[in-house]
Structure formats: structure tokens, C-alpha cells
Amino acid sequence: MLELEKVTAAYSGSKVLFGVDITANKGEITCLVGRNGVGKSTTMKAIMGLVSTPSGDIKLDGKSIFTLPTYSRAKAGIGYVPQGREIFPQLTVKENILLGMEANPGVKEIPQEIFETFPILKEFLERRGGDLSGGQQQQLAIARAVVSKPKVLILDEPTEGIQPSVIQEIGRVITRLKKDMAILMVEQYLEFVLEVSDRCYVMEKGRISMSGRTDELDKDRLQQLLSM
Ligand SMILES: Nc1ncnc2c1ncn2[C@@H]1O[C@H](COP(=O)(O)OP(=O)(O)O)[C@@H](O)[C@H]1O
Ligand SMILES: [Mg+2]
């Protein structure tokens, strides 16, 4: 379980997050939604230690990781797929996946279940990452983040720039993965959020303005908050 408690964040002194509380539980997909520029990606960077966080706390399974450097947070069990995915285009699919294994020295070879979850990657193992389609690259980025068996998987807009038919594939993949980990996902595509998420947080100007179980959310208000 991942818990953010009153987390603030700032870029060169200018505050972007003003006390954010979010909990992501194992077995669930938790979504963070909100309009452009409200601080969703900054929240993900705060979890990974990639932005200055003057106050608050972040706990993984009850233990604070708040002051740890980024690599230690990854080692502690947080897998992160940043917005824009950032796979290595010159490296093969296999090499990209092998790089993800470095976060967990206990994982010595690529676990076979990776290929059960991502059959397309097995087929394209020797192909260069840059030669894959957008949807395949997103799957590769997720595979690279989960190959080290993280406790929490963080996804920042996994459907951005991906064809609708392939979005269903991403939904299938993360629904399969959630039984083993907590998934925290930033997502703009509301239909997808309502379909796959168990819990939802809405962010406005660096604050959480609404949250709850997805099936209990006021959908009209949600739509309104996102379209204003
Ligand atoms: N590296 C940065 N330096 C300075 N300001 C930034 C940086 N990244 C984001 N911001 C600002 O922080 C705010 C929140 O950005 P971000 O977290 O990326 O929003 P979102 O992901 O919700 O679209 C925006 O006003 C943005 O301009
Ligand atoms: Mg963003």
C-alpha cells in the first residue's frame, strides 16, 4: 500500500502541490484525474523523489520513503512509467526489459509471466524498441516497470497518443497486474478511468477536490470538474 500524507511540492520555490493525500491499495487501480497543469505528473514525481517536496510524508507498506533518493524508492518497490514512456529506442525489447530488472537483484531472469501478460513482446524480443508502435512501446514501458515485481506501479497517462483499440489492451494488462500490486495511474481519458479504476481522486490546482470509490462517484460532477 502507498500512502501520501499532506504532500507539498515546488519547482524552484514556486509551489505546485498544497497538501495532497492519496492512498493506493494492493489489488486496486487508483486513478488520479484532473485538467492539464493541475499537478498530476508532479504528484507522481513527488512519489519517485524527482521534485522538491518541502513537507508531508510518503509511506510504502507503512514505512516512510519520503527522504529516500529515487533509486532507493525504486528498490523499495515502486515501478514508474513516466508520461511519454521513455523506452530506449536503440535497444531491443529484451534489452529494455533487462534494464528494468536492475531494480530488484532477486530477479535474475525475465519471469515467464511477463510474456503471458505481454505476448506481443515475446514475439518482438529482438526488435528495436523504437520500431514498435505506440501501443507496443507503452506495453514495453509497463513490462520494464513490472519485471522487478514492484509493490506499487505508477503510470502517468498510459493511453496518451494510443489508438482506442489498443487502449483496451492496456486495460486488460493492468487489470491482470493489479492482483499482485497497487496501481496508481494518472489518466485523462474518462471513459477508460470509469471502466478500469476501483478508486478515483480528482485534482484541482494542486489539491484533491473529490475522491471515492469509482462506482460511487457522482459522474456528472466528475465530468464537470474535468471539462471546466
Ligand atoms: N520542470 C518544471 N519546472 C517548473 N514548473 C513545472 C515543471 N513541470 C511542471 N511545472 C508546472 O507545474 C504545474 C503542474 O504541472 P504537471 O504536474 O505537469 O501537471 P499535469 O500533469 O496535471 O498536467 C504546471 O503549472 C506546470 O507548468
Ligand atoms: Mg502530466
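Predicted model: local features only at pLDDT ≥ 70, side-chain atom pairs only at ≥ 80, totals over all residues.
The secondary structure of the chain consists of 9 helices and 10 strands. The chain has a radius of gyration of 17 Å, close to the 17 Å given by the globule rule for 228 residues, so the chain is as compact as a globular protein of that length. Taken along the principal axes, the box filled by the C-alpha atoms is roughly 45 × 40 × 30 Å.

The surroundings of ligand 1 were examined next. The shell around ligand 1 is made up of Tyr11, Val16, Arg35, Asn36, Gly37, Val38, Gly39, Lys40, Ser41 and Thr42. By class, this shell has 5 polar, 3 nonpolar and 2 charged residues. Helix α1, which spans residues 40–48, provides the largest share of the shell, with 3 residues.

In the case of Thr42, a polar side-chain atom is 2.5 Å from an oxygen atom of ligand 1.

The volume of the largest pocket is about 410 Å³. It is lined by 18 residues, of which Met48, Ala74, Ile78, Tyr80 and Ala103 are the closest to the pocket centre. Two or more lining residues come from each of the elements α2 (70–76), β6 (78–81), α3 (93–100) and α6 (134–146). Among these elements, α2 gives the most to the lining, with 4 residues. Sorted by class, the lining of the largest pocket contains 11 nonpolar, 4 polar and 3 charged residues.

The second largest pocket has a volume of about 240 Å³. Its lining is formed by Pro111, Glu113, Ile114, Thr117, Val146, Lys149, Pro150, Arg176, Leu177, Lys179, Asp180 and Met181. Helices α4 (113–117) and α7 (164–177) each contribute at least two residues to this lining, and the largest share, 3 residues, is that of α4. The class composition of the lining of the second largest pocket is 6 nonpolar, 1 polar and 5 charged residues.

Terms used. Residues numbered from 1 in each chain as written. Chains lettered and ligands numbered in written order. Heavy atoms only, no water. Near = heavy atom within 4 Å. Polar contact = N/O pair within 3.5 Å; in protein donor to acceptor, adjacent residues only side chain to side chain. Nonpolar A, V, L, I, M, F, W, Y, C, P; charged D, E, K, R; others polar. 1 Å grid on protein atoms, 1.4 Å probe; cavity = no way out; pocket = protein on both sides within 12 Å on 5 of 7 lines; lining within 4 Å. Points joined across faces, edges and corners; volume = space filled by probe spheres on them. Rg over C-alpha atoms; globule rule 2.2 N^0.38 Å.
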